[in-house]
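Before reading on, please take a moment to look over the sequence and the fold together.

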Amino acid sequence: MVDQQAIERIVAAAGPVDQVLEPGAGQGALTRALAGRGARVSAYEIDPLVAGKLTARTRDLPGIRVVRGDFLKAKPPREPFAVVGNIPFSVTARIVDWCLTAPALTSATLVTQLEYARKRTGDYGRWSLVTAASWPWQHWSLAGQIARNSFRPVPSVDSAILRITRRPEPLVQDRRAYTELVDLGFSGVGGSVDASLRTRYRGVDAALARAGISPGTLVCHVHPDQWITVYEALAGQR
C-alpha cells in the first residue's frame, strides 16, 4: 500500500489498540503507522526475504516485533488483542475464520476485496451465513472503501476496510443451538426460510411473524437481528 491517507484511514478505523497482530505485514507501512499510534505490533510475514528486510527497517522502532512465519499458524494471545492488516485476498476467508475463533480477540480491521466486505456486511441488501451465524458475538461493518490505485502493483479490484468487533456481551447464550438453527435456515431445504425451519421446528409461522419475515423469504434477505428474534421465539419448539 502506497497511499498514506488510506493507511491513516485503516489505523483510524481500528481505533485505539494496545496489542496488535498484523497478518501480511509486507514492507511495513501499516506496521509503522500502528506503532506510531502506540500499539505493540507483532508483524507476521511469511516471505523470509521480505521479513528480513522489514526487521532491518524497524529494528530501532519501539513496539514492533517481526515474526517470520504464517499468521494462520499463530496461536491467539490469551490477553485481549486486535488484528489489523492489509491481508492477501486469497486467504481472506481463512484469516476471518481465525479471527472469529480467537477467544480474546477484541476486533479485526482488515483490508479485503470490496465485494467480500459488502457481502459480509449486508451492503448488497443480502446477508451471508458466516455473518448471521456469528452476529450474536461479533458485529460486522464496512468502514470505508479504498481505491485500487492506493496499491502497487495496482490490483484489478477495489478494496474496503472490513471491521469485525466483539460485542461486550453476547446477544445469545447458547451458541450451539443458535448456529444449528441458522445453519438449517441456510441449508436450502424447501427453498425458503420457513420451509427449511419447518423440517425441525414447531411454531415457525409465529416466529417469522414476530421477526417481521414474510412467508417465502429467501434466506439471504433475513437480517441477522431477525435471526436472533426467530431463535428466541423457537427456543424449545422442536
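Helices (H or I, at least four residues) and strands (E, at least two) are DSSP runs, numbered from the N terminus. With that in mind, Ser 192 is found in the loop between helix H7 (175-185) and helix H8 (193-198). This is a predicted model, in which local features need pLDDT of at least 70 and side-chain atom pairs count only at pLDDT 80 or more, while totals for chains, interfaces and linings use all residues. Residues are numbered from 1 along each chain as its sequence is written, and side-chain values use heavy atoms, with hydrogens and water left out.

**A loop residue**

Is Ser 192 buried or exposed? Buried means under 20% relative accessible area, exposed over 50%, and partly exposed in between (1.4 Å probe, protein chains only); Ser 192 has a relative accessible area of 11%, so it is buried. Contact means heavy atoms within 4.5 Å, and, not counting residues up to four places away in sequence, Ser 192 touches Gly 216 and Thr 217.

**The sheet**

Two strands pair if DSSP finds at least two bridges between them. Seven strands form an open sheet with mixed pairing, in the order S3-S2-S1-S4-S5-S7-S6. Strand S3 (64-68) and strand S6 (138-146) stand at the edges with a single partner strand each, so one side of each is left without a neighbour in the sheet. Strand S5 (residues 105-113) and strand S7 (residues 159-166) are joined in the antiparallel sense over seven bridges, and the bridge partner of Gln 113 in S7 is Ser 159.

**The packed interior**

A nonpolar core is a set of buried Ala, Val, Leu, Ile, Met, Phe, Trp, Tyr and Cys residues joined through side-chain atoms within 4.5 Å.

| Core | Size | Members include |
|---|---|---|
| Largest core | 53 residues | Val 83, Trp 98, Leu 197, Trp 227 and Val 230 |
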